[in-house]
Amino acid sequence: MATHHYQSPSLPINVPSKAPAPASLYPITRVAGSPPDISDTSTTAGSRTSAGFSYSSGSIGGDYESSSASYSGVDVVDVLNDRMGDVFDPTPLDRGLAKQAQTSGQLNAKQRELLELQALAQRRLKGVRSTFNDGMKVARETKRDLEWTQKRVNALKAKAENNFPDEYRRASKKYTFDDN
């Protein structure tokens, strides 16, 4: 018995150019799995329909009953997650995240402490300004009192010098004071 193999006509295949294509041309959602290996005893038969070609696989020996339709619905993201889960060790990442969380907590605590110290410094500054202003007021009053006293002493000195010139000269020789 002669076995006839059906040679399918070549279909046009889109080959991407070297220029990057927009991401919308290559959606990544669900991809059919690779077809199973076909033994030498199986044949591929094709039939032409109004929509194009349809293919089905059959086995002469009947030992392979599965078709590529069972592979449709494979989620690429799930497969990659499973493979990464087997390969990737998240322990260093978890330690890094824990250290980052601790450092962030310490930073927040220092930030709050800094704000409290800043508020305390502002309150103390207000107190110091108030005390300084009070001290300046007292210094101005003291200066005014000293100026009035100096004027009064100079007036009494001039009066004593005019009224009692001889006594004033004797006293000024005995008690010499700088007016400066």
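The pLDDT is the predictor's confidence in each residue, from 0 to 100. That is a handy place to start, since this is a predicted model: local features need pLDDT of at least 70, side-chain atom pairs count only at pLDDT 80 or more, and totals for chains, interfaces and linings use all residues. Residues are numbered from 1 along each chain as its sequence is written, and side-chain values use heavy atoms, with hydrogens and water left out.

**Confidence**

- Across the chain the average pLDDT is 76, and 58% of the residues score at least 70.
- Residues 42-55 stay under 50 in pLDDT, and the model gives this stretch 24 contacts (heavy atoms within 4.5 Å) beyond four places in sequence.
- Residues 57-69 are also below 50, with ten contacts in the model beyond near neighbours in sequence.

**Overall layout**

- Three helices and two strands make up the elements of the chain; both kinds are DSSP runs, with helices being H or I of at least four residues and strands E of at least two, numbered from the N terminus.
- Read from the N terminus on, the order is β-β-α-α-α.
- Helix α2 covers residues 91-163, and helix α3 covers residues 165-174.
- Among contacts with a separation of 6 or more, 51% join residues 24 or more positions apart.

**Surface**

- Of the 180 residues, 1% count as buried; here buried means under 20% relative accessible area, exposed means over 50%, and partly exposed lies in between, using a 1.4 Å probe and protein chains only.
- The chain has an accessible surface of about 16,800 Å², and carbon and sulfur atoms hold 57% of that. Such areas come from the Shrake-Rupley method with a 1.4 Å probe, and for residues only the protein chains shown count as cover.
- A nonpolar surface patch is formed by Met-84, Phe-88, Leu-93 and Leu-97, which together have about 400 Å² of accessible area. To join a patch, a residue needs over 30% relative accessible area and no salt bridge; nonpolar side chains (Val, Leu, Ile, Met, Phe, Trp, Tyr) are joined within 5 Å, and like charges within 9 Å.
- Leu-97, from this patch, sits in helix α2 and is partly exposed at 46% relative accessible area.

**Salt bridges**

- The whole structure holds three salt bridges, each defined as a side-chain nitrogen of Lys or Arg within 4 Å of a carboxyl oxygen of Asp or Glu.
- In helix α2, Glu-113 and Lys-110 are three residues apart, so about one helical turn separates them. Their side chains meet at 3.8 Å, N to O. Glu-113 is partly exposed, with a relative accessible area of 38%, while Lys-110 is exposed at 55%.
- Asp-166 is partly exposed at 44% relative accessibility, and Arg-169 is partly exposed at 46%.
- Helix α3 also holds Glu-167 and Arg-170, again three residues apart and separated by about one helical turn. The salt bridge between their side chains is 3.9 Å, N to O. Glu-167 counts as partly exposed at 44% relative accessibility, whereas Arg-170 counts as exposed at 55%.
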